[in-house]
Amino acid sequence: MSAHMALENLTVLDLTRVLAGPYCTMMLADLGAKVIKIEVPGGGDDTRGYPPFREKNLNGERESLYFANMNRNKKGITLNLKAPEGKEIFKEMVKKADIVVENYRPGVMDKLGLGYDVLKELNPRMIYAAVSGFGCYGPYHTRPGYDILGQAMGGMMSITGAKGGEPTRAGSALGDMLGGLNVTIGILAAVNARTITGQGQRVDVSLMDSVIAATENTALKYLESGQLPPRMGNRYAAVSPYDGFRCKDGIVIIAAGNQRLYEKLCNEILQRPDMITDPRFTDMPGRLEHQDAIQEVIEDVLKDYTMEEATELLLSKGIPAGPILDISQILADPHVKAREMFIETEHPTLGKVTVNGCAIKLMDTKPCVRTPAPALGQHNREIYKELLGMSEVEYVQLKDKQVF
């Protein structure tokens, strides 16, 4: 395995807060980029006040685990971008950076005099990436954006929920996570484009766009049929049986995604070869129309099996299956442990903290969790002196003026 990291040659100025932006910069940091998180003096990222909390850290104070998870591997500084001196310091940092990432409402950076058109003149190779609720153009671009709005207005909620039930938000902040992933992909594409053109560019990602793109063929169904796709619970409008089926102690997912798998399920699990030739079930459209009848047969067979027994039986016959796991079961799962999806780290004030692992597995330049999330302004001296060559006298003077 290489001693290098995939993005170790990139310096990122991170103006983001809460989730979509910090998730992006967390991934860049996990992959080796030097991410400098810039926070408002005296307050910082909103998530420093978000649960879950450790009620008493090593200093006897309450501290956010949310912030600790999303901001590992980053250097932390404070800077007042409203102060004239703060603006000039930021501009000097931009000259030395590869990437600037922000998730303010569009127009905020322009009002500060630090928008893309200003910064690109200072560093034409800089990549300026922004993730917001609705993007930097379009009728809604000045609206505030949050995850639930992205899920609602992007169509995800309209197709999510129990059959006949109300539209439902995904259990995690899926809109923010999708936005964070897309802006990360956009940044990496722009980095590669820079090797071709020699120039940086602006990357614009919206939560609404990200959710729309993740609804896959929902729009095609409507355009083709004129019918609004209904909420179907765990079912999938294109494949059946592809659902959760109740057994003795929980629910097992069966994903019979093609005719061969369906026939194996009928012959080798259900012992019902007649369900292959039954006119209701001979093809996928028929099975989609008669899912309730299929579910009744499957659940009758599985009712005396535990989730583990049912999963093993189905997999032994080559049928894709798996249990619905809660987070306690996921944390104990041997595959999850082997894939290092939760990492125990040492934090200077929290002590031992478990954070999410990186889902991107580069087999040579391996991503990893190297350093804990920074305290507010923890790396001020280090960054301002190393990156900008600031003297101690200058640093103290600016600190006294509350620029930091």
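# Chat about a predicted model

Biologist: Let's start with a loop. Where is Leu-228 found?
Modeller: Leu-228 is found in the loop between helix H9 (218-225) and strand S9 (242-246). Helices (H or I, at least four residues) and strands (E, at least two) are DSSP runs, numbered from the N terminus.

Biologist: And what should I know about the model and the numbering?
Modeller: This is a predicted model, so local features need pLDDT of at least 70 and side-chain atom pairs count only at pLDDT 80 or more, while totals for chains, interfaces and linings use all residues. Residues are numbered from 1 along each chain as its sequence is written, and side-chain values use heavy atoms, with hydrogens and water left out.

Biologist: Thanks! Is Leu-228 buried or exposed?
Modeller: Leu-228 is exposed, at 68% relative accessible area. Buried means under 20%, exposed over 50% and partly exposed in between, with a 1.4 Å probe and protein chains only.

Biologist: Which residues make the nonpolar surface patch with Leu-228?
Modeller: Leu-220, Tyr-222 and Leu-223 make the patch together with Leu-228, and its area is about 490 Å². Patches are made of residues with over 30% relative accessible area and no salt bridge; like charges are joined within 9 Å, and nonpolar side chains (Val, Leu, Ile, Met, Phe, Trp, Tyr) within 5 Å. The areas come from the Shrake-Rupley method with a 1.4 Å probe, and for residues only the protein chains shown count as cover.

Biologist: Changing topic: what does the side chain of Thr-25 make a polar contact with?
Modeller: The side chain of Lys-74, at 2.8 Å. A polar atom of the Thr-25 side chain also lies 3.2 Å from the backbone oxygen of Pro-22. A polar contact is a pair of N or O atoms within 3.5 Å; within protein, one must be able to donate a hydrogen and the other to accept it, and residues adjacent in sequence count only if both atoms are side-chain atoms.

Biologist: Is Thr-25 buried or exposed?
Modeller: Thr-25 counts as buried because its relative accessibility is 0%. Thr-25 lies in helix H1 (residues 20-30). Leaving aside neighbours within four places in sequence, Thr-25 is in contact (heavy atoms within 4.5 Å) with Val-12, Asp-14, Thr-16, Val-35, Lys-74 and Val-101.

Biologist: On to rings. How many aromatic pairs does the structure hold?
Modeller: Six aromatic pairs. One of them is Tyr-50 with Tyr-66, an edge-to-face pair at 5.5 Å centre to centre and 90 degrees between the planes. Rings of Phe, Tyr and Trp (its six-membered ring) pair if their centres lie within 6.5 Å; planes under 30 degrees apart count as stacked, over 60 as edge-to-face and the rest as tilted.

Biologist: Where do Tyr-50 and Tyr-66 lie?
Modeller: Tyr-50 lies in the loop between strand S2 (34-39) and strand S3 (53-54) and Tyr-66 in helix H2 (residues 65-70), so the pair ties together parts that are 16 residues apart in sequence. Tyr-50 counts as partly exposed at 29% relative accessibility, and Tyr-66 counts as partly exposed at 22%.

Biologist: Why is the pair of Tyr-236 and Tyr-242 tilted?
Modeller: Because the ring planes of Tyr-236 and Tyr-242 are at 40 degrees, with the centres 5.3 Å apart. Elsewhere, ring pairs link Tyr-384, Tyr-395 and Phe-404 into a cluster.

Biologist: Last topic, charges. How many salt bridges are there in the whole structure?
Modeller: A search finds 21 salt bridges, each a side-chain nitrogen of Lys or Arg within 4 Å of a carboxyl oxygen of Asp or Glu. Among them, Lys-75 and Glu-382 meet at 2.8 Å, N to O. That pair links distant parts of the chain, with Lys-75 in strand S5 and Glu-382 in helix H17 (residues 380-388), 307 residues apart.

Biologist: Which residues are linked in a network of salt bridges?
Modeller: Arg-235, Asp-243 and Asp-292. Lys-352 also forms a salt bridge with Glu-346, where the closest N and O atoms are 2.7 Å apart.
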